[in-house]
Every structure is written in structure tokens, then in C-alpha cells.
Amino acid sequence: MAAAAVRSLQRDMHSIIGGVIVAPDDAPSAYPTLASMRGDHPVPGRHSFEAAVRIGEVAAGRRGTDIAIVLLSGGASALIGAPVRGVAESDFVALHELLLGSGLDIAAMNSVRKRFSRWSAGRLALALAPAATYCLAISDVAADDMSVIGSGPCVPDKTTAKEVRELLERAALFERVPQALRDYLGGVSRGTTPETPTVAHPAFAHITARVIGNNAIALDGVAASARDHGLESRILPVRLEGDASAAGEAIARMLIASRAASSASGIVVWGGETTVTLGAKSGAPAGGGRCQELALAAARVLHDAGTAAEGITLLAAGTDGRDGPTDAAGAVVDSTTWSAISAAGRDPARALAAHESHGALAAANALIPRRETGTNVNDVVIGLV
């Protein structure tokens, strides 16, 4: 995104006086006046905190004659994640770890963590004012909601502290949130701590925000590639969401039914983002990711179906080339994967129940290696029949 912006600005003879690029890994800068930094993902850490400081330095002192360009994609909540003043870094990290294993969808998760994040919930817009600011986003969320993408650094927050507390209570998470963060929410509700900026704040008059890429574009690309290979393709209009394991089972059953109904070869494509719930266990699911768990659950259904599932292969992967805190982007499975895991000396049923899909799928050589795609528009599931 940064490289494309630089090329466009140079064509129009603009001067790029400064800026910072934050990505999941170290990479050369797209332009001499732009710093290139690495952030942490999916849990913010030292690199994210350093990136947040540098953003503050770049944003400071903007004038009304300046133009600021914010290029935003999924993952930004963690990559530039740093706590607001008064919140300890350790509590901020603990909150992210709790949310990642909570089973909450991305919209709910971001409505919580933006409360405590230095640049989320429109706070970056305030820092850049009065510069004319253009926020161009690649969406990894349902309905391309700009307040959810990257926790909405350039648009107003839609939720109140009271609503955030109620969300946490409904999810049985409030008592597990660090005490200092609960106190912070209480201070906002009492009016002793400021609310997040609302649409009435004058800084938002300087903002133009729009989505320039999303999951639908990726799915169209999958379908077009399939047609180039002579395959019929069908994109399912229902967004992929909910529990990863349940989604994998449902997808596998649908593919089996599709094979039974027609002898034609083709693909079925889903897009979206599922969740994994770890229950009382704290921390991120180091044993896998949502795509790997979906694939492993599908592998069991394909295995149990026997010959009815022959000729069916399923791919589940993150478009950013990452699936959870692992070295995989996702996995490819078929009706032989489940038994291959068993033959390698692992119990696939136990691995699925314990959210340890990574090791099981690795034993069957079913993982898609992690790679840097340069984008993030949620997950893609492709069923080949």
C-alpha cells in the first residue's frame, strides 16, 4: 500500500516530507523519508509500542496546509497497539490475550480494545488535525465498517463505555479483565475520564475515509482463477463466521452433498472470519489458528464420509498469509488427512478438542506455510470437488 501511494504521489509531483510504515515484519522503506518499522501481531509488544511512539512523532505539529495519508489494513490494532495514558503495558497485553481466546468476533473484540488503545477510536484523527487526512482502508471486517478496521483510528467510536462493559459481562469476561482496566471504564462512565471522540468532534471534519479493498474482491479473484483452469466456481453469499470447528464441519457436509448432486468438477468459495473459544484458558491459541481448526474439523467429516468424500479437497487460509500465532497460513485437507494424522502417531480428535490443530496437521503434511502477501482481507475457504 505504501509503495503504491508513493508511486502515485511522485507522478503528481507531491513532496513526501515524512511518515512511518508499520508491518508484521522488517522490510525496506518505500521512500527515503518514510521510516519502516515492525509491529507485533496478534498481541502487541515492544515493537508495537515503539511504532506507536513514532506515529506520535510524525503526527505532531501538522498544519492545515498538510495532507496526511493513512493506509490502513487488518492487523493494525495490534501492530500499532499501545495503551492510552494511565493504562499499564502489561494490562494492555493481558487484555489482548484474553480477547483472542474469547470467541468474540472482530467487531466486538475491537470495540473493547479500542477503548484502551492510544491511536484507536478516532484518536489518530485528532492527532493529525488540522491536516486534510485521507484514510484508505483494506477491509477485513463484515460490512466494511471503518470503525472496526484496525480499531478505527480515523473515524468516531460508535460505542460507549457502558456498552463495552455490558458486552464484557455478557461474554463472562468482565471479571477476567485486569482491575485497572475495569477501573478505567468506570471512570469514563462517571465522567472523570474522557469518552472516546464522537462524530461531533471538529477533527473529523478534516477526514475522508473509505474502503479500497475487501474480501469480496479476493473471492472474485479466486473464482476468476478457477475459470481460467476450466473449473466451474460458485461463491457462497453467506459470510463465513462463528465457531471455526462448527464451520468446518458444515462446509465439509455441504461439499459432500455437492459431489453427490453433480458429477461436474468445480469449486465452492467462502469468505469471512471464524472464531475459536478457549473457555477458561487464558492466552492466545498457540496450538493453531482458526483456519487450521476449521480444516481439521472438516477433515474429520470427510474421513467419516468414506467414499462419499473422495475427490473433495478443502483449503482454508488467511489472506495475510498468517493463521494465528503459528508458522502456517492455513491448511489443505481431504478424506485421507484424518487417518494420516493417526498414522503419524497423533490423536486428531484430541488435538481438535484441545485447539491444537497445528501439530496434528503438520504430522499429515497438510499445512500451508506462512508467507507475506502484503494484504489482509480475512480468510478464504476453497472447496474443490
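Helix H8 covers residues 179-190, and at 1.5 Å a residue its twelve residues should span 16 Å, which agrees with the 16 Å between its end C-alpha atoms. The expected span here is 1.5 Å times one less than the number of residues. Helices are DSSP runs of H or I with at least four residues, strands are runs of E with at least two, and both are numbered from the N terminus.

Before I go on, a word on where this comes from. This is a predicted model, in which local features need pLDDT of at least 70, side-chain atom pairs count only at pLDDT 80 or more, and totals for chains, interfaces and linings use all residues. Residues are numbered from 1 along each chain as its sequence is written, and side-chain values use heavy atoms, with hydrogens and water left out.

Back to H8. Which residues of H8 are buried? They are Leu181, Arg182, Tyr184, Leu185, Gly186, Gly187 and Val188. Buried means under 20% relative accessible area, exposed means over 50%, and partly exposed lies in between, with a 1.4 Å probe and protein chains only. These buried residues of H8 pack against helix H4 (89-100), helix H6 (123-128) and helix H7 (161-170). After H8 comes glycine 191, with a positive phi near 90°.

Now take H7 with H8. Two packed helices are described by the angle between their axes and the distance between the axes. The axes of H7 and H8 come within 8 Å and cross at roughly 140°. That makes H7 oblique to H8. Axes are lines fitted to C-alpha atoms, for helices over the stretch in contact, and angles run from 0 to 180 degrees between N-to-C directions. Angles under 35 degrees count as roughly parallel, over 145 as roughly antiparallel, 65 to 115 as roughly perpendicular, and the rest as oblique. On the H7 side the contact is made by Ala161, Lys162, Val164, Arg165 and Leu168, and on the H8 side by Leu185, Val188 and Ser189. Contact means heavy atoms within 4.5 Å. By class, the residues of this contact of H7 with H8 are five nonpolar, one polar and two charged. Nonpolar means Ala, Val, Leu, Ile, Met, Phe, Trp, Tyr, Cys and Pro, charged means Asp, Glu, Lys and Arg, and the others, Gly among them, are polar.

Next is H10. This helix has 18 residues and reaches 26 Å from its first C-alpha to its last, close to the 26 Å expected at 1.5 Å a residue. Its buried residues include Ala244, Gly248, Ile251 and Leu255. What covers the buried residues of H10 includes strand S7 (266-272), H11, strand S8 (313-318), helix H13 (348-353) and strand S11 (379-384).

How do H10 and H11 sit together? The axes of helix H10 (residues 244-261) and helix H11 (residues 290-304) come within 7 Å and cross at roughly 45°. That makes H10 oblique to H11. The contact of H10 with H11 has ten nonpolar, two polar and five charged residues.

Is serine 245 buried or exposed? Serine 245 is buried, with a relative accessible area of 13%. Leaving aside neighbours within four places in sequence, serine 245 is in contact with Glu293, Ala297 and Leu352.

Last, the loops. Most residues other than glycine have a negative phi, and most peptide bonds are trans. Which peptide bonds are cis? One runs from histidine 41 to proline 42, with omega near 10°. Proline 42 is in the loop between strand S2 (34-38) and helix H2 (46-59). Another joins alanine 129 and proline 130, with omega about 10°. Proline 130 lies in the loop between H6 and strand S4 (132-138).

In the loop between S4 and H7 we find alanine 143 and aspartate 144. Alanine 143 is not a glycine, yet has a positive phi of about 60°. Aspartate 144, also not a glycine, has a positive phi of about 55°. Alanine 143 is exposed, with a relative accessible area of 78%, whereas aspartate 144 counts as partly exposed at 26% relative accessibility.

Finally, glycine 64 lies in the loop between H2 and strand S3 (67-73). Glycine 64 is exposed, with a relative accessible area of 53%.
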